[in-house]
Structure formats: C-alpha cells, structure tokens
Amino acid sequence: MKNNASLLYNFFLVVGDVLALVAAFVGGYVLRVSLSDKAIQHQISSRSYLLAFLVLIPFWILIFALLGLYNSNIYERRFREAGRLLIGSFIGLLFIVFWNFLAPEPIFPAKLVPIYAFGLAFVFLLLFRTIARLIRTGLFAYKVGLTGVVLIGNTPVTHELIRSLADSRRSGYKVLGVVTDETHEDYRHVRTYRDFASFLETARGSDPHVFVQTELYKNEDRNREVLDYAQQHHISYRFVPGNTELFVGNIDVELFRNAIPVIAVRQTPLFGWGRIVKRLFDLTVALALLIIVSPVFILIALAELLSGSGSVFFRQKRLTRFNNTFRVFKFRTQYAKYDGTTPEQAFEMIGKPELAKKYRENGDFLEHDPRITKLGAFLRKTSLDEIPQLLNIIKGDLSLVGPRALIPEELSSYEKRHTILSVKSGLTGLAVVSGRRDIPYEERRKLDVYYVQNWSFWLDITILLKTIRVVFERTGAK
C-alpha cells in the first residue's frame with residue numbers, strides 16, 4: 001500500500017517552495033523599486049513582472065527536483081538540504097537572468113532586483129523547510145503520517161532496526177510486526193509472527209507501507225512469496241544483505257564483458273573527479289587560511305621559542321592514504337624529551353607507568369599530564385596547535401576533512417584500518433565534530449569508516465561548518 005503521507009508532504013514542499021520563491025521575488029521588487037529612491041532602468045509594472053516570473057517558476061521547481069530536494073532521503077539532512085537549496089536558488093537565478101537576456105522585453109526593472117530576490121529566496125526557502133520539518137515531526141507525535149514497516153527475519157540488523165525505529169516521533173516509522181520463529185528481548189514491545197503466512201492471516205487491516213527483509217530463507221519459494229505479495233499490493237520492499245559491508249561506499253552495476261551484470265563495490269566514492277575537486281578545494285582554502293592566521297602563527301612561534309621547551313614544531317610520523325607515512329606539523333605542546341615515544345613509554349620515563357592505564361581509560365587524556373607544557377595546554381585547549389597542519393595540507397599529506405591522522409602503532413591493530421586508509425587523513429573530520437575525545441576510541445574509528453564509505457563534497461562542507469562551532473565551543477578539546 002502506498003504511503004500517501006509522504007506524497008502529501010512532497011506536495012506541501014512544492015507548494016511551499018513556490019510561495020517562498022514568489023515572496024522572495026516580490027520582496028526583491030519592493031526593496032529595489034518601491035522602497036528605493038534610485039532611478040530604475042526599465043519601467044515595468046509589478047503585474048507584468050510577477051506574471052513573467054510565474055511563467056518561469058515551474059522551471060525553477062524542476063531544478064529543485066533534479067537536485068533531489070523532493071526525495072525522502074533529504075528530509076532529515078539539514079546541511080545537505082541547505083546546500084542544495086543554495087545551489088538550486090543560484091541555478092534558478094541564472095536561468096531567469098539568462099531568460100531576461102533573451103527575452104524581447106526585459107523582465108527586471110533594475111539589476112539589483114534579482115540579487116535581492118536571490119538572497120530572500122534562500123532565506124525564505126530555508127525558513128519554510130524548517131517550519132515544514134517541525135510540523136511533520138509534530139504530527140508524528142499524534143501518529144499522523146507514520147510509515148508502517150514489517151521486519152522479516154531474525155538477525156542483529158533486525159534488532160538494531162527495532163531499537164532505532166522504536167521512537168516513532170523521531171523516526172517517523174511504526175513497526176507493525178516482526179516475522180520470525182525465534183524470540184529476543186527486543187521483541188517485547190512488538191508483535192511477532194512465526195512465518196509470513198501467519199502475518200497475512202492475522203494482520204489484516206494493518207496496512208504496511210514497507211517490508212524490510214533482513215535475511216534470506218533457504219527455501220526460495222518463501223522469499224518469492226514475500227516479494228510477490230509486496231509487488232501485488234504496492235508495498236515498498238527492502239532487502240538487507242547478509243554481508244552489509246559489501247554494499248557500502250560507492251556501488252555501480254556494470255556489464256562484465258558486455259554480457260554479465262555485476263555489482264562493483266569500491267571502498268569509497270572519493271575517486272576520479274571527486275579527488276581532483278577535493279584537492280583543489282583543500283589547496284585553495286588552506287592557502288587562504290594560512291594567510292589569514294599568519295599573525296597568530298608568528299606570535300605562537302615566538303612564544304614557543306621564548307618558552308624554551310624545545311623546537312617550535314612537533315613532528316611525528318602519521319599514517320595517511322594507501323598506508324603512506326608522513327611527518328605531521330604541530331606547534332609543540334609537550335617537552336622535547338618525550339618526542340617519538342608512545343604514552344606508555346613516556347610515562348615509564350617519568351617513573352609513573354600507572355598513568356598510562358589511567359590515560360587510556362580516560363579517552364587518551366589526563367587532567368594534569370606531566371608531558372604537556374603550560375603553553376601546550378593552552379594550545380591544545382584552543383586547538384591552536386593544529387594550525388601548522390595547514391602546511392601538510394598544502395604539501396598534499398593531509399586533506400582539510402578526513403579520518404584522523406594516527407600514528408602506525410595506534411591503527412595497526414584496528415580491523416578496518418585499510419578502509420580508513422583508502423582516503424587522505426584530515427585536519428578535521430566526522431569524529432572531531434561528533435565529540436572528539438568525549439567519545440570512545442572505537443566509536444571515533446567507526447565514524448572515520450562511515451566518512452570514508454559515505455564521502456561527498458557536501459559532507460565535507462558540513463563538517464567544516466560544524467568544526468567552526470566545535471572550535472569556539474571547545475567541544476572535546478583537551
């Protein structure tokens with residue numbers, strides 16, 4: 001059964017986007033023509049202006065649709081949605097300006113009208129989408145617009161789905177039942193059916209919208225029964241493969257030898273043009289940032305020299321893409337005699353080996369770490385010790401965004417190290433904006449793996465914007 005709530009929400013978004021765009025272009029006209037004392041280039045009535053825009057607005061909505069702004073996978077991704085709205089608004093503006101150039105009669109009474117309209121359009125669209133999201137999630141609390149889902153199978157993925165979908169007010173889903181002949185503590189609050197036939201007999205009127213099959217039956221007839229029923233009753237069907245790691249990163253369906261369909265699975269979608277764009281972006285931003293912070297750079301370098309704790313820079317061997325090593329640059333935060341040592345070795349040198357265990361248990365942090373200088377403690381707390389890594393980015397050792405650059409000893413025992421090392425390490429990353437050392441080591445590495453397998457340019461932009469907030473709030477900085 002089709003989920004009409006999703007269709008209605010899409011319709012609501014389209015109508016709201018149209019109204020937001022109309023309001024923006026009316027606002028642009030009012031700001032430049034009605035409220036400004038400056039002369040205008042073309043005497044165009046407000047009615048003619050608005051009619052011309054209304055004729056062109058379907059093309060603008062088509063641009064939004066092509067950018068995926070009406071796909072369900074964008075609903076909860078606010079930064080990605082904002083980025084696409086900005087791009088869509090700009091492309092739409094270019095289209096209308098180009099049309100104005102080709103039209104026999106001008107559309108805009110003055111050059112500043114489309115500029116004002118562009119700024120207002122982005123603000124109004126973002127505001128409307130935020131309100132729409134709040135209304136949608138508010139209705140979930142009243143069980144309006146929920147998507148009914150039936151889980152088929154008994155695997156760890158089934159249990160994870162039940163837990164993640166349990167709060168329907170946040171997930172937007174309602175678990176109608178689980179088809180399984182086994183018991184589990186996660187099934188206490190959901191109805192279970194011993195087989196698919198039992199579900200069909202006893203769950204009439206439940207009107208599921210989605211079937212999610214988390215495991216394949218050995219009997220192909222049972223699998224075909226589920227799929228056939230879903231197709232006949234227009235129920236969305238999803239299948240979770242047994243080896244989920246095969247279906248992450250970048251996936252393409254190709255014809256092998258022009259005859260046999262095969263699924264090509266890459267560790268990361270960051271390849272080809274993506275790598276070129278990312279490198280150009282890294283180089284441009286790193287150079288600009290280095291110029292901007294150069295006065296701070298010089299002041300810290302002088303402070304390091306005057307402190308007498310050792311050389312200005314701390315250099316350490318770290319890992320980056322394809323298991324390559326490089327020397328990372330940071331402002332010195334610990335005494336020179338501990339260079340090249342692991343925390344365990346350093347605390348042994350100090351004569352307090354018991355601190356190593358406390359350091360690891362506390363998320364690689366000690367409140368009063370004897371290895372750290374007074375200046376170093378300040379630099380770490382403010383993240384200013386990271387500034388010299390801009391040099392690593394310019395050299396090509398690092399990227400602005402990526403997995404944390406770790407020393408070989410830290411990563412050698414990690415099971416998925418080769419996945420992490422399929423992209424360049426980064427100055428900041430998903431683990432940094434998610435809490436840094438406030439979250440366990442294992443969780444940080446999982447976030448690194450997620451980034452590698454789900455890279456996109458917009459994900460990089462999102463992480464960079466969140467990094468600014470994290471640095472000023474000092475989240476996880478120790």
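I started with strand 2, which is mostly covered: five of its seven residues are buried (under 20% relative accessible area, with exposed over 50% and partly exposed in between, 1.4 Å probe, protein chains only). Helices (H or I, at least four residues) and strands (E, at least two) are DSSP runs, numbered from the N terminus.

Caveats for myself: this is a predicted model, where local features need pLDDT of at least 70, side-chain atom pairs count only at pLDDT 80 or more, and totals for chains, interfaces and linings use all residues. Residues are numbered from 1 along each chain as its sequence is written, and side-chain values use heavy atoms, leaving out hydrogens and water.

Next I looked up the pairing, which takes at least two DSSP bridges between two strands. Strands 1 and 2 run parallel over six bridges, and I found Gly148 opposite Lys174 in strand 2. Strand 2 (residues 173-179) also pairs with strand 3, parallel, over two bridges; there, Val178 has Thr192 of strand 3 as its bridge partner.

Then I checked the whole sheet: five strands, open, parallel, in the order 3-2-1-4-5. Strand 3 (192-193) and strand 5 (236-239) are at the edges with a single partner strand each, so one side of each has no neighbour in the sheet.
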